[in-house]
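Please keep the structure open while reading.

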Amino acid sequence: MSCKTPPTLQELAENSLLKNQDLAISALDDIPSLFFPSLFKKACRNRYVGIIKAMVQVWPFPSLPLGAMISRKTAYRRILEIILYGLDALLSQKVSHSRCKLKVLDLRVMPLKLWNRLPVFGTAGCSENPAVVGHSGTEVKQPVKVLVDLVLKESPLDSTESFLVQWVDNRNGLVRLCCCKLQIWAMSMYYHRKLLEILDLDSVQELRMYCISNPVCLLNFAPYLGRMRNVRCLILSHLWQTFSMTPVEKQQVITQFTSQFLKLKCLQILHLDTVFFLEGHLDELFWWLKTPLETLSVIDCNLSKSDWFHISEFQCTSQLKHLNLKWVKLTHLSPEPLRVLLLKSASTLTSLDLEGCQMMDSQLSAILPALRCCTQLTKFNFHGNYISMPILRELAYNVVKQKSQQSKIRFIPSCSHHSGLEFEAVSQPHIVFVDVERTTGEQEQVLFYAICSGEYVL
């Protein structure tokens with residue numbers, strides 16, 4: 001028969017306090033800070049309005065991660081209202097309680113178990129602003145940050161989000177609405193213009209835009225994009241147009257949208273996935289980017305010759321660590337831009353993804369010298385390209401000369417079929433061929449790719 005674990009002294013003290021709300025509120029000045037998270041969670045669970053509001057006003061940590069307590073929408077809405085009323089009382093104070101350190105109300109969804117870990121109560125998300133000193137030499141009270149992750153769609157915000165936006169708007173600058181991760185799915189400016197005006201756009205660090213079929217949305221959103229000066233990661237996925245536009249109208253939208261990239265000086269990661277609307281104009285986008293990128297992904301895009309020939313010319317592609325051209329058909333395009341791109345990033349490139357590019361022998365041969373210069377390369381995905389056995393041998397034997405004798409290079413093609421090349425490689429202990437699939441054709445060819453397998457990958 002198992003015995004129930006007896007409550008700890010802390011649990012007994014918290015339960016005793018919660019039985020008498022007046023006593024609990026009067027004792028908040030003396031309660032150890034370590035008791036606050038557990039006591040606050042119990043107060044929320046039991047809807048002790050007075051205790052919740054009082055605890056917000058003397059919260060002894062920089063962050064209150066309420067998002068970790070989101071379980072039921074209806075209960076969360078009520079708790080959020082109580083906390084915001086507590087914040088109202090805090091904001092109305094000319095001098096905050098000496099114990100209160102609250103700077104961030106964190107409403108981002110996170111696991112409840114994080115509530116029991118003290119680091120989550122540290123300053124979260126947005127970068128800190130330096131203290132502002134007034135004319136009298138005293139420090140000016142800084143706005144409280146409300147930190148959220150938002151997903152904007154064609155429909156309006158839900159009732160809780162709308163309530164929060166309205167509450168922030170009514171605080172007249174005493175509260176900053178911050179969003180580190182912003183997702184936009186076929187957004188309607190009609191519903192979300194007010195939110196974008198209220199939102200601290202400098203706080204956005206990751207922006208994802210999906211399924212934009214109305215180019216006018218890009219045109220209207222462009223001024224807001226230009227104000228997201230701290231964005232580090234930008235993902236544009238499935239941009240197309242569902243109605244006809246004149247070339248002049250289309251160029252106006254593209255110029256207005258891509259010119260905002262000049263202001264994105266912190267951008268490090270750019271993903272372009274199926275952006276048909278920008279076909280033939282990607283060179284404009286790259287021209288406006290003046291800061292070198294770490295990661296560039298161009299996936300399943302129909303590149304024009306102009307897009308392809310200019311991709312290696314711009315400053316933004318000069319120091320890449322990760323280059324992904326997955327499913328960009330290169331069969332009928334010159335390998336020269338890719339060769340130049342690899343040489344420019346030879347000292348920094350660690351991963352190269354050419355899956356599904358349908359490159360041929362001549363194209364691979366053209367980039368081999370540049371590929372050998374990429375001394376930091378640790379991952380090379382070449383699945384979906386048809387090459388002959390001699391070129392595959394040349395790739396393997398030349399690459400191994402550039403690598404440490406302790407490294408292993410593993411070529412792991414797509415099927416469980418073995419080829420004679422595997423046995424030829426036995427005399428080269430640092431090259432391992434696995435499951436090479438032979439295909440039919442005038443040349444003996446293999447469908448080949450490389451993935452992370454062992455100490456070294458190519």
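Which helices and strands each supply at least two residues of the lining of the second largest pocket? They are α5 (73-92), β5 (144-152), α6 (159-169), β6 (175-185) and β7 (206-212); helices (H or I, at least four residues) and strands (E, at least two) are DSSP runs, numbered from the N terminus. The model is predicted, so local features need pLDDT of at least 70 and side-chain atom pairs pLDDT 80 or more, while totals for chains, interfaces and linings use all residues. Residues are numbered from 1 along each chain as its sequence is written, and side-chain values use heavy atoms, without hydrogens and water.

The pocket has a volume of about 400 Å³. Leu 107, Val 109, Asp 149, Leu 150 and Glu 161 are the closest to its centre among the 19 lining residues. Strand β5 gives the largest share of the lining, four residues.

The whole structure has 12 salt bridges (a side-chain nitrogen of Lys or Arg within 4 Å of a carboxyl oxygen of Asp or Glu).

Arg 78 and Glu 81 both lie in helix α5, three residues apart. Arg 78 is partly exposed at 33% relative accessible area, whereas Glu 81 is buried at 14% (buried is under 20%, exposed over 50%, partly exposed in between, with a 1.4 Å probe and protein chains only).

How values were computed:
On a 1 Å grid over the protein atoms alone, a cavity is a set of points where a 1.4 Å probe fits but cannot get out, and a pocket is an open set with protein on both sides within 12 Å along at least five of seven lines; lining residues have an atom within 4 Å of a point. Grid points are joined across faces, edges and corners, and a volume is the space filled by probe spheres set on the points.
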